[in-house]
Amino acid sequence: MTLETALRRSDHRVTRPRQLVWDVLHDAERHLSAAEIVDAVHLLDPGVNSSSVYRTLSLFADLELVRESRHGELSTWEPAHDDAVIHLVCDRCGATTHHAADVVDTLRVQLKRSGGFEPRTIDVAVTGLCPTCAKRT
Ligand SMILES: [Zn+2]
Ligand SMILES: [Zn+2]
């Protein structure tokens with residue numbers, strides 16, 4: 001889906017900050033903190049101010065185009081994706097990566113079967129040490 005298609009549904013225009021935030025999120029291979037998004041946008045265009053980046057993130061969140069993960073104090077962002085991944089979160093540096101896992105679908109099926117509970121979102125996060133931090137211990 002292009003940003004234009006995504007925004008047109010809700011009658012929003014594509015602006016330069018919106019396009020840049022979108023590109024940064026889609027090019028990143030991991031979750032980014034808001035500060036990292038601001039830095040990456042500034043590398044592409046130093047003229048975009050930080051507050052428009054923050055406003056864009058909250059607009060995208062309202063439109064469910066991005067997913068925010070909170071881990072304690074730290075909040076990270078990524079393009080919205082379906083549930084079939086688990087998040088691996090580093091306790092030390094906060095790096096968050098995806099791990100594709102059948103376990104999510106299995107859990108969904110089991111929940112429906114056992115108690116008749118209808119799961120909407122399943123958000124599985126595993127905390128620990130990322131490869132970089134694990135090497136440093
Ligand atoms: Zn780490
Ligand atoms: Zn994710």
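Q: Which residues of helix 2 and helix 3 meet in this predicted model?
A: From helix 2, L20, V21 and V24 take part, and they meet I37, A40, V41 and L44 of helix 3. The residues of this contact comprise seven nonpolar, no polar and no charged.

Q: What else describes the packing of helix 2 and helix 3?
A: Two packed helices are described by the distance between their axes as well as by the angle. Here the axes of helix 2 and helix 3 come within 9 Å. The crossing in which helix 2 passes helix 3 is right-handed.

Q: Which residues touch the most other members of the largest nonpolar core?
A: They are V21, L25, I37, V41, V53 and L57, out of 16 residues in that core. Helix 2, helix 3 and helix 4 (50–62) are the elements that give two or more residues to this core. Helix 2 supplies the largest share, five residues.

Q: What does I37 touch, leaving aside residues up to four places away in sequence?
A: I37 touches V21, V24, L32, V53, L57 and W77. Two residues count as in contact if their C-beta atoms lie within 7 Å.

Q: Where is C130, and which residues does it touch beyond four places away in sequence?
A: C130 is placed in the loop between strand 6 (125–128) and helix 6 (131–136). Its contacts, not counting residues up to four places away in sequence, are C90, C93 and A95. L111 is 19 residues from C130 in sequence, and the C-alpha atoms of the two are 30 Å apart in space.

Q: How many helices and strands does the protein have, and what percentage of its residues is buried?
A: The protein has six helices and six strands, in the order α-α-β-α-α-β-β-β-β-α-β-α from the N terminus. Of its 137 residues, 18% are buried.

Methods
Residues numbered from 1 in each chain as written. Chains lettered and ligands numbered in written order. Predicted model: local features only at pLDDT ≥ 70, side-chain atom pairs only at ≥ 80, totals over all residues. Axes fitted to C-alpha atoms, helices over the stretch in contact; angles between N-to-C directions. Left-handed = near helix turned anticlockwise from the far one by under 90°. Nonpolar A, V, L, I, M, F, W, Y, C, P; charged D, E, K, R; others polar. Core = buried A, V, L, I, M, F, W, Y, C linked by C-beta atoms within 7 Å. Buried ≥ 20, exposed ≤ 12 C-beta atoms within 10 Å, placed from the backbone.
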